Structures are given as C-alpha cells and as structure tokens.
Amino acid sequence: MADLIGPRMYCCFKCRNPVSRHDDIISKAFQASNGRAFLFTHAMNIVEGPKQDRHLITGLHTVADVSCSDCGQVLGWKYERAYEESQKYKEGKIVLEKFKIVKENW
C-alpha cells in the first residue's frame, strides 16, 4: 500500500513544494535559532544563497542559506565547510528547520 502513495516527504510549510525525503534524514537532534531542525543528506527543489562563515553552536562553519525554489521561503542552511575535524561529516549536508517543513504521504 505504501508503494502506491509514494515516499514519505517533507515539504515547504508555505507552498507544499517537496524539499526532502524522510529516508534522507541523518539526525533529528539539531538545533536552529528558532527550535529543532533535521539534518538531511539530500534536498530537492531548493535554491542556495551565498556562502558565508557563521559561528554556530558547534563552531565556525561556512554555510549557505537554502530556500524553497517555488516560494523563496528560507528553510534552513547547507554546510559547505566545517573548520573543526569532528564536524567534517556535516559538509554537503542540509539542515531544515522543523517548523518550516510539513509531512506529506504519512
């Protein structure tokens, strides 16, 4: 039955544009400035903003904000570079803030 519905997805809360699959979650234990966030291996239908260095909870990182490709809502960020060795696993991964995504096909 689940195959008929399709994969469980996360969508932009504003326009319902699909932005990631549930199967691409690495961690649900991330913290953003406005609450919980999820770390994903991949995202789709997003646009990356300019890269910038930011001091986050886990240290200095080069990140780019990611926005919905349909409505332009900023949904989170992508880790471009981690300066600390213990944080290198985040490079290339995307963080989406929980309150800015909604579930679909659940």
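1. Is G59 buried or exposed? G59 is buried, with a relative accessible area of 14%, where buried means under 20%, exposed over 50% and partly exposed in between, for a 1.4 Å probe and protein chains only. Please bear in mind that this is a predicted model, in which local features need pLDDT of at least 70, side-chain atom pairs count only at pLDDT 80 or more, and totals for chains, interfaces and linings use all residues. Residues are numbered from 1 along each chain as its sequence is written, and side-chain values use heavy atoms, with hydrogens and water left out.

2. G59 belongs to strand β6, residues 59-68 (strands are DSSP runs of E, at least two residues, numbered from the N terminus). Setting aside neighbours within four places in sequence, G59 is in contact with R54 and E84, contact being heavy atoms within 4.5 Å. From G59 to A82 the C-alpha distance is 8.2 Å, although the two are 23 residues apart in sequence.

3. The structure has zero disulfides, a disulfide being a pair of cysteine sulfur atoms within 2.5 Å. C68 is in none, and the nearest cysteine sulfur, that of C15, is 3.5 Å away; C68 is also buried, at 2% relative accessibility. C71 is likewise in no disulfide, with the sulfur of C12 as the nearest cysteine sulfur at 3.6 Å, and C71 is partly exposed, with a relative accessible area of 29%.

Definitions and conventions. Helix = DSSP H or I, 4+ residues; strand = E, 2+ residues; numbered from the N terminus.
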